[in-house]
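Reader: I'd like to go through this one with you and ask where each term comes from. Shall we begin with the space inside?

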Amino acid sequence: MKVAKIETLRASRFMYVRVHTDEGISGVGELHPASGTSGTPFAPIAAVDYCAEYLIGKNPLHIERNWQHMFRRCVFRGGADTMAAIGAIDIALWDIKGKVAELPVHSLLGGPTRERVRVYSHLHGDSPAELAEDARRMVEAGYTALRLNPFGGGTSLEQLSFRGMAKHAAATLQAVRDAVGDEIDLMVDVINRLTPPEAIEVAKALEPYGLFFFEDPIEPENMDAWGHVAANMPVPVAMGERLYTTYQFRELLAHKGASYIRPDLSLAGGITNCKKIAALAEASYVGVAPHNPLSCVLTAACVQLDAAIHNVAIQEYPRDEYDAPKRDLVEVPLRREGGFLIVPQTPGIGIELNDEAFPHYPPEPYTREPVIGPDGALRDY
């Protein structure tokens, strides 16, 4: 068997890679926008073509060999766009391998450690009251863990004072905690937009609400800063959605910068690399909560990995996978029962694209608005 063709498919703001073989078996993976996360993702699409230059004609079942060549052939290696391309292709190669073996991918990774995967999803609302009401609805739908951004929606982070940030975050968590009670796990995400002093101050204000974790409080590059913040925040820290190599995660773990790591399979080199990252975390007694910001194909890949690793703590799950366009772009999304996703037993990663839907959802760039301070300076995107 040889790789015959690799194509990139786009619909709405989502991108997929399909790897075709000369024996008629194909696999699918999801492509992260990487450096095009705010804008049109030209670079990761080009990186897929770069990887295809090597992979065409190779045996798709030699996954580790192919991964190492795609990674090391890029001599100045490890960039986000190349790692996203490798990740999407790697997921597709595992999908092919599972179909050839007539087994789900988790069986090829050592067998299942669980039959279902606990998930958390995101709250929507522009005020504490709206977030609280949404939380009630989500609990009624069976979720046992919920994530919110206390500075999202109608709240302008850049307009709040240092102390005002902490007070606003506490008021928001109080409303949500009152709405759902103590038995629902709550997470907070601020999308890397706080400074270290701000992050520590906000975390101290949120300590009474028993957070499962505080996600991405500061910018992702400085591991010394992550170690400092994690040591001074009285709540568990989660980090890793913007990291993409084993070496970066090793540095995070060495600095004791997180209680939970959040590798993104579509960005951090696919199933092959993220299983290694999970092993590094397991040796540090750190849990894994894979980042999952895209659509149903990435969810399916995450669940295959989740089923096969011991230290997965919880899985991020977009709540709109049964809504258009995500629902239309696949044949059948994974099944959720209450607060869990059921691990599929079908060959491969357990999901297929619905090609007929793609013409109905023209590609569009993902728009991420900048955060501008009151002085006109850029805070972040």
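Author: Gladly. R10, S12, R13, F14, M15, P33, G36, G39, P41, E364, P365 and Y366 line the largest cavity. This is a predicted model, in which local features need pLDDT of at least 70 and side-chain atom pairs count only at pLDDT 80 or more, while totals for chains, interfaces and linings use all residues. Residues are numbered from 1 along each chain as its sequence is written, and side-chain values use heavy atoms, with hydrogens and water left out.

Reader: What makes a space a cavity, and what makes it a pocket?

Author: On a 1 Å grid over the protein atoms alone, a cavity is a set of points where a 1.4 Å probe fits but cannot get out; a pocket is an open set with protein on both sides within 12 Å along at least five of seven lines, and lining residues have an atom within 4 Å of a point. The count comes to 2 cavities of 30 Å³ or more. The largest cavity holds about 50 Å³, and the largest pocket about 1,400 Å³. A volume here is the space filled by probe spheres set on the points, with grid points joined across faces, edges and corners.

Reader: Which residues lie nearest the centre of the largest pocket?

Author: I191, E241, P293, Y366 and R368, out of 44 lining residues. Y366 is also listed in the lining of the largest cavity.

Reader: How is the lining of the largest pocket divided by class?

Author: It has 15 nonpolar, 12 polar and 17 charged residues. Ala, Val, Leu, Ile, Met, Phe, Trp, Tyr, Cys and Pro count as nonpolar, Asp, Glu, Lys and Arg as charged, and the others, Gly among them, as polar. For the largest cavity, the lining has 6 nonpolar, 3 polar and 3 charged residues.

Reader: Why is helix α7 called largely enclosed?

Author: Buried means under 20% relative accessible area (1.4 Å probe, protein chains only). In α7 (residues 196-206), 8 of the 11 residues are buried, so the helix is largely enclosed by the rest of the structure. Those buried residues are E198, A199, I200, E201, V202, A203, A205 and L206. They pack against α6 (162-180), β6 (185-189), β7 (213-215), α8 (223-232) and β15 (378-380), where contact means heavy atoms within 4.5 Å. Helices (H or I, at least four residues) and strands (E, at least two) are DSSP runs, numbered from the N terminus.

Definitions and conventions: Buried < 20%, exposed > 50% of the residue type's maximum accessible area, 1.4 Å probe, protein only.
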